[in-house]
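Hello,

Here is the structure I promised to pass on to you. Please have a look at it first, and then read my notes below.

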Amino acid sequence: MKIAIDGMGGDNAPVAVIEGAVQALKEYKDIELYITGPEETINLELAKYSYPKNKIKVIDAKEIISPNEHPVMALRRKKDSSIVKALNLVRDKTCDAVISGGSTGAFLAGCTLIVGRINGVERPALAPIMPGRRGNFMIVDVGANVDCKPSFLVQFAKMGKIYYQKVFRVKNPSIGLINIGAEEEKGNELTKSTFKLLKQEDSLNFKGNIEPRDVSAGNTNILVSDGFVGNTVLKMYEGTASSILGIVKDEVLESSIFSKLGVLLLKPVLKNIMKKFDYKEYGGAPFLGVDGICIKAHGSSDARAFKNAIRQTKIFYGNNVLEDIKNEFSS
């Protein structure tokens with residue numbers, strides 16, 4: 001498998017990108033990496049490590065697209081940017097997949113404009129995996145499409161089902177629609193119309209509306225929403241988890257010696273909880289509906305997060321998710 005990596009994408013690039021790439025090569029023997037970025041800069045970082053030289057190719061790219069640039073305009077102006085060069089490798093079928101921790105707007109726009117949509121897909125969607133109390137769940141979409149039609153959300157559900165089914169080996173994953181109430185008549189025109197369409201889809205295990213307070217339970221495998229609602233839920237979820245863990249840490253520091261001893265006994269449990277809520281464990285979010293495997297890594301990803309993004313890409317590729325989505329929309 002050949003993977004293109006935006007070597008200058010992310011807050012910690014290129015240091016974390018290169019370290020994560022080298023870590024991945026040690027663990028996975030069946031991958032080749034194409035890293036885009038200023039050749040001299042990338043090679044200087046690579047020189048710090050020992051790795052199979054035939055497994056990494058450096059693709060020179062002189063320009064960088066920053067998060068505060070207009071995505072589409074930047075893609076048009078900066079043809080020699082690391083993110084454009086990485087996307088071109090997938091478009092030209094040189095690579096099977098692309099990973100970037102850079103500008104989300106530029107990456108998603110580039111995936112759509114450069115890699116292209118799958119025939120029949122109206123809008124691609126960003127679909128991260130989130131930790132829940134009773135299991136991991138997926139939210140589709142979390143920001144790629146702020147304004148949606150009901151038909152978009154139905155397609156999000158179908159793509160999410162294929163990904164979840166193949167990656168997590170769940171035969172008939174449950175699907176819910178994020179809404180302000182559980183009743184069918186609740187919500188705005190989008191959610192009410194989407195509910196009716198999802199209910200008519202015999203191929204989907206639709207469980208109805210899911211209120212935001214029930215999202216974290218993890219009882220529903222795939223949660224569907226427009227990008228505005230999904231992004232709000234995602235960021236609120238991340239912020240709440242971070243605050244709760246912070247509160248626990250503060251209380252421990254201010255507690256008595258006996259309480260601290262009790263915390264020591266709970267340390268393995270607390271470590272497991274923190275691991276579940278650590279985005280670095282998940283690597284990145286797949287962009288479903290484009291004609292290539294595109295993984296968006298978190299902007300502040302460290303080496304472990306990039307390594308896990310490569311792992312996630314391998315799972316996507318190894319389970320033929322892309323081909324199954326194509327087949328779904330070609331029929």
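A word on naming before anything else: helices (H or I, at least four residues) and strands (E, at least two) are DSSP runs, numbered from the N terminus. This is a predicted model, in which local features need pLDDT of at least 70 and side-chain atom pairs count only at pLDDT 80 or more, while totals for chains, interfaces and linings use all residues. Residues are numbered from 1 along each chain as its sequence is written, and side-chain values use heavy atoms, with hydrogens and water left out.

Let me start with some backbone details. R169, found in the loop between α6 and β8, is not a glycine, yet its phi is positive, at about 60°. There are also cis peptide bonds to look at. One runs from A13 to P14, with omega near 0°, and P14 sits in the loop between β1 (2-6) and α1 (15-27). Another runs from V140 to D141, with omega near 20°; D141 belongs to the loop between β7 (137-140) and α6 (150-168).

Next, the sheet. Its 5 strands follow the order β6-β7-β10-β8-β9, and the sheet is open with mixed pairing (two strands pair if DSSP finds at least two bridges between them). β6 (129-130) and β9 (205-210) are at the edges and have a single partner strand each, so one side of each has no neighbour in the sheet. Strands β8 (residues 174-178) and β10 (residues 222-224) run parallel and are joined by 3 bridges, with I175 opposite I222 in β10.

On to a pair of helices. The axes of α4 (residues 82-91) and α5 (residues 104-115) come within 10 Å and cross at roughly 35°; axes are lines fitted to C-alpha atoms, for helices over the stretch in contact, and angles run from 0 to 180 degrees between N-to-C directions. Among the residues that meet are I83, V84 and L87 in α4 and A106, F107 and G110 in α5, where contact means heavy atoms within 4.5 Å.

Finally, the domains. The assignment, which is automatic or from a database, gives domain 1 (2-121 + 289-329) and domain 2 (126-237). Their contact takes 14 residues from domain 1 and 10 residues from domain 2. The centres, taken over C-alpha atoms, are 27 Å apart. Between them the domains bury about 1,200 Å², 71% of it on carbon and sulfur atoms; buried area is the accessible area (1.4 Å probe) that two parts lose on being put together, summed over both.

Best wishes
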